[in-house]
Amino acid sequence: MKHSWEKMKLSKVLSQYREEIWVDDTKEYLQITNSKYDGIGLRGKKLGAEIGRKRQFVVNLDKYPNTITFTRQTIQVDEAIGLCPSEVNGCIVTENMPLFAVVNAEPKFIEYYFRTRLFLDQLHKTAALGTSQQSIHEDIFLNYEIPLPLLPEQQRIVSKIETVKQRIGQIKKLRAEQEKEIANFLYSYFKDVIDEFGLSDLGEGIEHRAEFILIDNETNYKLCRVQTKALGVVLREKKQGYDIKTKEQQICKTGEFLVAEMDARFGGYGIVPDELDGAIVSSHYFLYSFIEEKLNRKYLEYFSRTNWFFEQVVAKGSTNYAAIRPKQVLNYKIPLPSIEEQNRIVSVIEKLNSVKTNHSETEKELTQLMPALLDKAFKGEL
């Protein structure tokens with residue numbers, strides 16, 4: 001029962017901190033990356049001379065072990081926000097990634113709240129500030145409301161959610177082992193193909209298609225996204241037109257190659273499946289149609305899962321908005337034997353895939369359960 005829950009501002013459970021640092025061109029600095037589906041992680045090191053903004057802020061997990069962060073300019077698009085893991089302690093971020101310490105609350109409870117419809121509805125109904133680049137600033141964010149039970153109840157809810165999450169983790173581990181075996185096979189197999197047929201521009205087999213429609217407020221739409229690590233295109237959610245803030249969107253077609261502007265460097269691309277024909281994506285995605293006589297879409301799908309392809313996807317731009325551009329994709333290299341040979345290669349790989357277990361389906365079912373579980377939890381019904 002929800003008899004002991006209190007609705008309050010996020011400012012009651014989050015306290016912003018700012019530990020300023022000025023970048024030294026001669027030193028190396030650790031930076032972070034932020035994704036809704038993969039969380040916050042270590043991006044890598046960069047020499048100070050290569051960092052444009054010299055005024056930065058330090059993630060201090062020694063003093064503030066439960067630190068929350070997001071990116072001002074992209075949170076309404078990518079919904080990426082969460083707790084900083086231990087490996088990003090000491091990393092630097094710009095002022096566009098504000099840092100908050102969790103106070104007077106269970107940290108995981110707060111993080112899970114950011115995945116609920118209760119929070120996301122507030123986020124997407126906010127009029128972002130700015131002209132050339134809209135942002136959600138801290139004063140707006142800290143005014144969002146959160147339903148908060150007593151600490152023991154927060155911990156009980158987190159425990160239940162974690163149990164389901166652990167099960168998903170176990171399934172993901174088994175699936176990862178299978179994927180690793182397949183990846184090793186693909187690398188070896190395509191090495192032989194490259195040795196025999198050489199490399200060509202991907203643009204010989206696909207064409208960029210940029211067509212936008214105006215969203216109808218009375219129509220219900222499917223929104224899709226690409227999973228990282230080249231795991232494919234999936235349904236993100238369904239929304240009524242009037243709930244979609246950006247009114248110009250792109251319509252996906254079955255079999256097209258969909259590439260995420262920012263997540264491509266993490267394997268954020270894939271083929272649009274039949275069930276997502278007609279789904280919409282924003283301008284932060286790129287769509288490519290196939291030249292059928294030149295390129296088998298399954299052939300590209302399998303090749304795009306290899307390091308031969310991964311290593312070509314290099315993002316350009318500022319630290320907090322590094323992205324790939326449509327023309328880059330067309331210049332990626334791929335072996336292009338005849339369509340008949342591509343069909344034969346796909347047939348060989350399909351036979352390998354047929355021996356995989358049902359771990360993928362189990363993971364999918366459990367993952368789809370999580371949003372409903374979270375919404376139920378924050379309504380006091382768990």
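The largest nonpolar core has 38 residues. A nonpolar core here is a set of buried Ala, Val, Leu, Ile, Met, Phe, Trp, Tyr and Cys residues joined through side-chain atoms within 4.5 Å. Buried means under 20% relative accessible area, exposed over 50%, partly exposed in between, with a 1.4 Å probe and protein chains only. L10, L14, F109, I110, F114, F119 and F141 touch the most other members. Helix α5, residues 151–197, gives the largest share, 5 residues. Helices are DSSP runs of H or I, at least four residues, numbered from the N terminus.

A word on the model. It is predicted, so local features need pLDDT of at least 70 and side-chain atom pairs 80 or more, while totals for chains, interfaces and linings use all residues. Residues are numbered from 1 along each chain as its sequence is written, and side-chain values use heavy atoms, without hydrogens and water.

Another core lies apart, with 32 residues, including I194 and F257.

Now the rings. The whole structure holds 25 aromatic pairs. Rings of Phe, Tyr and Trp (its six-membered ring) pair if their centres lie within 6.5 Å; planes under 30 degrees apart are stacked, over 60 edge-to-face, the rest tilted. F141 and Y144 pair edge-to-face, at 6.1 Å and 80°. Both F141 and Y144 are buried. F303 and F309 are also edge-to-face, at 6.2 Å and 85°. F303 is buried at 0% relative accessible area, and F309 at 1%.

Last, E301, in helix α6. Buried or exposed, this E301? E301 is buried, at 14%.

Definitions and conventions. Helices (H or I, at least four residues) and strands (E, at least two) are DSSP runs, numbered from the N terminus.
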